[in-house]
Amino acid sequence: GGGGGVVGGGPLGAECNDDDDDGDGPSNAADFQTAAGLFSFILLFFAFAGLSMLSAVAEDWRLFWREYHAGLYRAEVHVTVKLALDLLLVRVLPALVFGAVVYLLAGLRREAPAFLLFELIVALANLNAGLLCSAIGLALHRSPGAATLLAVVVMLLTVIWGSLQVSTDCLHAVLRWVPFCSWAFYAYDLMLTEELRGEIVK
């Protein structure tokens with residue numbers, strides 16, 4: 001988990017590193033584009049990383065179905081243990097390591113509150129992506145191919161509607177509510193707003 005966060009976050013943070021950055025946030029258009037692209041890629045990374053939950057859900061469902069009907073344990077016990085172990089260890093911990101590596105290497109705002117907020121956002125974003133993919137995998141556990149296709153489309157649209165790729169003003173009036181259903185929309189907005197706080201981009 002932690003090792004994967006370092007492997008994934010290291011190259012990304014180094015790629016976005018600016019030796020001339022003072023750590024006070026973007027001050028010009030190039031810095032803004034770098035930060036915006038970085039945050040968008042982070043959300044895309046978490047969205048597709050969530051697809052790994054599909055196979056785990058399908059295998060776990062079959063095992064749970066047999067053991068539950070055999071009377072080995074109650075459903076709420078299984079759900080509690082599953083959420084506590086899988087989501088915290090597989091989703092939250094690697095996201096925190098990934099976020100810390102990217103944040104330090106990319107030269108983002110050098111303030112403790114900003115760093116802690118960033119860590120909270122990436123952890124919740126990865127958690128949301130995993131839960132959404134788990135829900136899709138569980139709903140379509142008899143059709144893994146359909147579950148994978150649907151999850152890929154949903155994750156892709158979630159990030160596209162949640163970042164700068166699509167402006168809500170460009171959407172038809174009937175569809176303008178859709179981005180507000182995306183976890184990526186709120187994550188991207190929070191990350192970019194915090195990074196631009198108090199800055200004037202020229």
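These are my notebook entries on a predicted model of a single chain.

**Entry 1: the whole chain**

I started with the fold. I counted seven helices and zero strands, and from the N terminus the elements read α-α-α-α-α-α-α. The chain has 202 residues, and 38% of them are buried. I then looked up how far apart in sequence the contacting residues sit. Of the contacts with a separation of 6 or more, 75% join residues 24 or more positions apart. For the surface I noted an accessible area of about 11000 Å², with 68% of it belonging to carbon and sulfur atoms.

**Entry 2: the core**

Next I asked myself which residues have the most contacts inside the largest nonpolar core. They are Phe 39, Ile 42, Leu 43, Phe 118 and Trp 183, in a core of 36 residues. The elements giving two or more residues to this core are H2 (29-49), H3 (52-69), H4 (75-106), H5 (112-139), H6 (144-162) and H7.

Setting aside neighbours within four places in sequence, I found Trp 183 in contact with Leu 43, Ala 47, Ala 125, Asn 128, Ala 129, Leu 132, Met 155 and Thr 158.

**Entry 3: aromatic rings**

I went through the rings and wrote down eight aromatic pairs. One of them is Phe 185 with Tyr 186, an edge-to-face pair with 5.3 Å centre to centre and 90° between the planes. Are these two residues buried or partly exposed? Phe 185 counts as buried because its relative accessibility is 19%, and the limit is under 20%. Tyr 186 has a relative accessible area of 42%, so I logged Tyr 186 as partly exposed. Elsewhere, Phe 39, Tyr 103, Phe 115 and Phe 118 form one aromatic cluster.

**Entry 4: helix H7**

I checked the length of H7, residues 183-196. Its 14 residues should span 20 Å at 1.5 Å a residue, and the end C-alpha atoms are 20 Å apart, so the two values agree. The buried residues of H7 are Trp 183, Ala 184, Phe 185, Ala 187, Tyr 188, Met 191, Leu 192, Glu 194 and Glu 195.

What sits at the start of H7? A side-chain oxygen of Ser 182 comes to within 3.1 Å of the backbone nitrogen of Ala 184. Ser 182 itself lies in the loop between H6 and H7. With a relative accessible area of 4%, Ser 182 is buried. Beyond its neighbours within four places in sequence, Ser 182 is in contact with Thr 158 and Gly 162. Thr 158 is on my Trp 183 list too.

**Entry 5: two glutamates**

Glu 194 belongs to helix H7 and counts as buried, since its relative accessibility is 16%. Not counting residues up to four places away in sequence, Glu 194 touches Arg 109, Ala 114 and Leu 117.

Glu 59 is in helix H3. Its relative accessible area is 51%, so Glu 59 is exposed, the cut-off being over 50%. I also looked up where Glu 59 lies relative to His 141. The two are 82 residues apart in sequence and 8.8 Å apart in space, C-alpha to C-alpha.

Conventions
Residues are numbered from 1 along each chain as its sequence is written. This is a predicted model: local features need pLDDT of at least 70, side-chain atom pairs count only at pLDDT 80 or more; totals for chains, interfaces and linings use all residues. Side-chain values use heavy atoms; hydrogens and water are left out. Helices (H or I, at least four residues) and strands (E, at least two) are DSSP runs, numbered from the N terminus. Buried means under 20% relative accessible area, exposed over 50%, partly exposed in between (1.4 Å probe, protein chains only). Contact means heavy atoms within 4.5 Å. Accessible areas come from the Shrake-Rupley method with a 1.4 Å probe; for residues, only the protein chains shown count as cover. Rings of Phe, Tyr and Trp (its six-membered ring) pair if their centres lie within 6.5 Å; planes under 30 degrees apart count as stacked, over 60 as edge-to-face and the rest as tilted. The expected span of a helix is 1.5 Å times one less than its number of residues. A polar contact is a pair of N or O atoms within 3.5 Å; within protein, one must be able to donate a hydrogen and the other to accept it, and residues adjacent in sequence count only if both atoms are side-chain atoms. A nonpolar core is a set of buried Ala, Val, Leu, Ile, Met, Phe, Trp, Tyr and Cys residues joined through side-chain atoms within 4.5 Å.
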